[in-house]
Amino acid sequence: MASPSPTHALEVHQLTKHYADVVALDAVSFKVSAGIVCGLLGGNGAGKTTTIALLLGLLTPSAGEIRILGHDIKRDRYAALSRMNFSSPYVDLPQRLTVAQNLRVYARLYGVKDIRDRLGVLGEELDISRFMTRRYGSLSAGQKTRVALAKALLNEPELLLLDEPTASLDPDSADRIRVYLKHYQQRTSATVLLASHNMPEVERICDDVIMLRSGRVVDRGTPQSLIARYGRQNMEQVFLDIARRAERRTAAQGRSTA
Amino acid sequence: MNALPFAFSWYRIGAMVLRYVYVLRSSWPRIIELAYWPTVQMILWGFITQFFVTTSTWLAQASGALLAAVLLWDVLFRGQLGVSVVFFEELYSRNLGHLFASPLRPYELIFALLTISFIRTVIGVGAAACLAIPFYHYSIFSLGLPLLAFFMNLLVLGWSIGLVICALVLRYGLGAESFAWAAIFAVAPVSGIYYPITVLPEWLQSVAYLLPSSHVFEGMRAVLFEQTFRLDLFLHAVVLNMAYLALGIATFLYAFRTARRRGLLLSMGE
């Protein structure tokens, strides 16, 4: 069966997730065009990690639909999973295995053909060749981040989900990763969904941005259009504007109730 | 690429077995630990046998009965630990999110766990069984083909219990991991490992025959004392094991679905 090649890599419709009476995601709908880097922004608890977990199928939605690369993940989840990958600081790799062993295991799970070649290429590109034989648990936080990224790129995913990909990297390493990700996205025409708190990073590499707050999409646009719309200098100010506007609204509601 | 809901890939199962072999190989104390307890048990029961064989006419008829029993009991125990403890590795390393966001199916993971359990049990109990030959001049291999039937039946029961323990841990977190070390001992008194089932009170005998292990140990005594392989006991054990294994797999898959619904796959191990 030929794989569908949709215009949108990702389509989310009325996606809802609640745990008992806590609503983590409230009827969220958005589409992400194929071949772009899309930022998923929001404060802590806004619903970014929940959204990513739902897209990966690690969580089942309470309601709503998800289509990834044309596959309805309720019916066809595994077909989508083999064409995507992810990296997140909330999920680790086995500490006792060496870097090469970890990557070999995941390469097999994703059905990578020339594993040795692929590991060689990723080792070079992400500068992890020299610690391939070291145990993953013995690496620094920055080295682990690069290895996790290598794992996420093993199957040359068409959709790459990245949760805080440069969170624990020094500025030099973080910059190299951003350049590499942009280069990878342009070379492969992959779609990247990037959850980040690093606003300069978002401004630099994202073509589109979805702003989440309290489990809802509150705004959407290119970084430049959002900056212009809010009359701000940069994305950091836009982010603060959106977050604090919510705080002010909550405080005002509190006063009027009192 | 196979997009069927029940696609099954030996390649992915092989990847997971390789992952567990890497863990095993990475630490020589782990390999020694596999054989350590079965060997200690074998040595202890070997001395007990040497003492009782001079005072018990029952044991004098088949002096290997206690040693065979302790080695087969360890097949059940190691078989269960081989599933549950290996699964805990994924929780300790907070790796479940990566595994289940890959094309790996939960039932492929189960198959990999059963495979590595088989390997670990053969290493652990095999070493103790081989050491019993020079230590006590007793070879469990003298049971012949019935040994294979006993081994597989006990291993499968160990797998079923192991999968239920994994399900409990998936549902209740690592707080439930102590079940991995304790659960099997609830089965021990009614399995008739060292004594015939007829020793038990009548009502408990009915319970005992619901366990494949009691049929196996009765069958073992039939081979040792009467030189007869009891096909009826074997078939009872097989049928019960099929039911228990299906129950074990279903419980694991149900716990997995619940974990996905409650968001436990990402928080496990924390």
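In this predicted model, chain A contains an open sheet of four strands in the order 2-1-4-5, with antiparallel pairing. Its edges are strand 2 (22–33) and strand 5 (71–72) of chain A, each of which pairs on one side only. Strand 1 (residues 8–19) of chain A and strand 4 (residues 63–68) of chain A are joined by five bridges in the antiparallel sense. A:Thr16 has A:Ala63, in strand 4 of chain A, as its bridge partner. Strands of a sheet pair through backbone hydrogen bonds, and the sense can be parallel or antiparallel.

**Strand 7 of chain A and its neighbours**

Parallel pairing occurs elsewhere in chain A, around strand 7. Strand 6 (residues 84–87) of chain A pairs with strand 7 of chain A over four bridges, in the parallel sense. A:Asp163 stands opposite A:Ala195, which lies in strand 8 of chain A. From strand 7 of chain A the chain passes through helix 6 (residues 171–188) of chain A to strand 8 of chain A, a β-α-β crossover that is right-handed.

Why is strand 7 (residues 159–163) of chain A described as largely enclosed by the rest of the structure? Five of the five residues of this strand are buried, so the description follows from their burial; buried here means under 20% relative accessible area. In a regular strand the side chains alternate between the two faces of the sheet. In strand 7 of chain A, A:Leu159, A:Leu161 and A:Asp163 point one way, while A:Leu160 and A:Leu162 point the other way, and all are buried.

**Chain A as a whole**

Chain A has nine helices and ten strands. Its radius of gyration is 19 Å, close to the 18 Å that the globule rule gives for 258 residues, so chain A is as compact as a globular protein of that length. Along the principal axes, the C-alpha atoms of chain A fill a box of roughly 65 × 45 × 35 Å. Of the 258 residues of chain A, 55% count as buried. Taking contacts in chain A between residues at least 6 apart in sequence, 66% join residues at least 24 apart.

Two charged side chains of chain A sit over tyrosine rings. The charged end of A:Arg77 lies over the ring of A:Tyr78, at 5.0 Å from its centre. The charged end of A:Lys151 lies over the ring of A:Tyr106, at 5.6 Å from its centre.

**A contact between the chains**

A:Gln101 lies in helix 3 (residues 99–109) of chain A. Its relative accessible area is 11%, so A:Gln101 is buried. Leaving aside residues up to four places away in sequence, A:Gln101 touches B:Tyr22 and B:Arg25.

**Aromatic residues of chain B**

Over all chains, the structure holds 18 aromatic pairs. One of them is formed by B:Phe8 and B:Trp10, with an edge-to-face arrangement: 5.3 Å centre to centre and 80° between the planes. B:Phe8 also pairs with B:Tyr107; the ring centres are 6.1 Å apart and the planes are at 5°, so this pair is stacked. The second pair links distant parts of the chain, since B:Phe8 is in the segment before helix 1 (10–25) of chain B and B:Tyr107 is in helix 6 (residues 106–136) of chain B, 99 residues apart. Together with B:Phe111, the residues B:Phe8, B:Trp10 and B:Tyr107 form one aromatic cluster.

| Residue | Relative accessible area | Class |
|---|---|---|
| B:Phe8 | 38% | partly exposed |
| B:Trp10 | 58% | exposed |
| B:Tyr107 | 19% | buried |

**Helix 9 of chain B**

In helix 9 (residues 184–191) of chain B, the buried residues include B:Ile184, B:Val187, B:Ala188, B:Val190 and B:Ser191. Against which helices do the buried residues of helix 9 of chain B pack? Their partners in chain B are helix 4 (65–92), helix 7 (145–172), helix 8 (179–182), helix 10 (202–208) and helix 11 (212–226). B:Gly192 follows helix 9 of chain B and has a positive phi, near 60°.

Conventions. Residues numbered from 1 in each chain as written. Chains lettered and ligands numbered in written order. Predicted model: local features only at pLDDT ≥ 70, side-chain atom pairs only at ≥ 80, totals over all residues. Heavy atoms only, no water. Helix = DSSP H or I, 4+ residues; strand = E, 2+ residues; numbered from the N terminus. Buried < 20%, exposed > 50% of the residue type's maximum accessible area, 1.4 Å probe, protein only. Contact = heavy atoms within 4.5 Å. Phe/Tyr/Trp six-rings, centres within 6.5 Å; stacked < 30°, edge-to-face > 60°. Lys NZ or Arg CZ within 6 Å of the ring centre and 35° of its normal. Pairing = 2+ DSSP bridges. Right-handed = clockwise from strand over helix to strand, strands pointing away. Rg over C-alpha atoms; globule rule 2.2 N^0.38 Å.
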